[in-house]
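Please read the following briefing alongside the sequence and the 3D view. The points are grouped by topic for a reader who is meeting this structure for the first time.

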Amino acid sequence: MIVRGFDQAVARQHGYHIVMINGVAASVKDGSVKPVNRLTGDCGASWIYLDAAGHLEYYYATGFDSLPLPAVFFGWSVNVYGPGGYNRAWTFGGGIFSTAWSSGNIYARVNLTGLYTAIVDSSSSWVILIDGTICGSLGPVSQVEVP
């Protein structure tokens with residue numbers, strides 16, 4: 001037998017969610033992902049920080065820095081998972097000429113308290129440098145309890 005995919009509805013019903021880890025889909029138990037907010041490779045660093053903003057609200061910031069050369073284009077995806085099958089995705093991208101970028105703080109209201117997990121999707125978060133090099137995020141993760 002081999003894994004052919006995931007049924008997200010079934011996973012959510014049983015306390016799991018589907019994540020991308022180094023470009024590969026995986027089913028993980030809610031709350032089992034260990035936070036690693038900043039990951040550095042041979043082409044720079046990518047990061048995400050998630051924090052509670054108050055009752056039933058969180059915010060996050062994500063980005064990259066320490067690139068060896070300026071980037072001229074980038075694409076960036078963030079997924080946030082939480083209680084009750086919560087799953088929200090954000091995408092960023094476009095032209096840029098910089099060795100660093102930050103989303104700034106992004107706020108979101110939720111319906112349930114509990115543990116929320118933010119992940120930079122390593123399969124769709126990348127930069128293209130001025131020399132044509134394509135660098136990909138290593139998929140940092142952050143978690144917070146939202147009251």
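In this predicted model, the lining of the largest cavity draws at least two residues from each of α1 (8–13), β1 (16–21), β6 and β7 (86–98). Of these elements, β1 gives the most to that lining, with 3 residues.

**The cavity**
- A search of the whole structure finds 1 cavity of 30 Å³ or more, and about 100 Å³ of space lies in the largest cavity.
- The largest cavity is lined by 12 residues, of which Arg12, Tyr16, His17, Tyr81 and Gly85 are the closest to its centre.
- Sorted by class, the residues lining the largest cavity are 4 nonpolar, 6 polar and 2 charged.

**The surface**
- Leu69, Val72, Phe73, Phe97 and Ile130 together make a nonpolar surface patch of about 450 Å².
- Val72, one of the residues of this patch, is placed in strand β6, which covers residues 71–82.
- With a relative accessible area of 34%, Val72 counts as partly exposed, because that class lies between the 20% limit for buried and the 50% limit for exposed residues.

**Loops with positive phi**
- In the loop between β4 (44–54) and β5 (57–65) lies Leu56, a residue other than glycine whose phi has a positive value, near 55 degrees.
- Leu56 has a relative accessible area of 16% and is therefore buried, since buried means under 20%.
- Ser66, which is found in the loop between β5 and β6, is likewise a residue other than glycine with a positive phi, here near 60 degrees.

Definitions and conventions
Residues numbered from 1 in each chain as written. Predicted model: local features only at pLDDT ≥ 70, side-chain atom pairs only at ≥ 80, totals over all residues. Heavy atoms only, no water. Patch = residues over 30% accessible without salt bridge, like charges linked within 9 Å, V, L, I, M, F, W, Y side chains within 5 Å. Areas by Shrake-Rupley, 256 points an atom, 1.4 Å probe, with all protein chains shown as cover. Salt bridge = Lys/Arg side-chain N within 4 Å of Asp/Glu carboxyl O. Helix = DSSP H or I, 4+ residues; strand = E, 2+ residues; numbered from the N terminus. Buried < 20%, exposed > 50% of the residue type's maximum accessible area, 1.4 Å probe, protein only. 1 Å grid on protein atoms, 1.4 Å probe; cavity = no way out; pocket = protein on both sides within 12 Å on 5 of 7 lines; lining within 4 Å. Points joined across faces, edges and corners; volume = space filled by probe spheres on them. Nonpolar A, V, L, I, M, F, W, Y, C, P; charged D, E, K, R; others polar.
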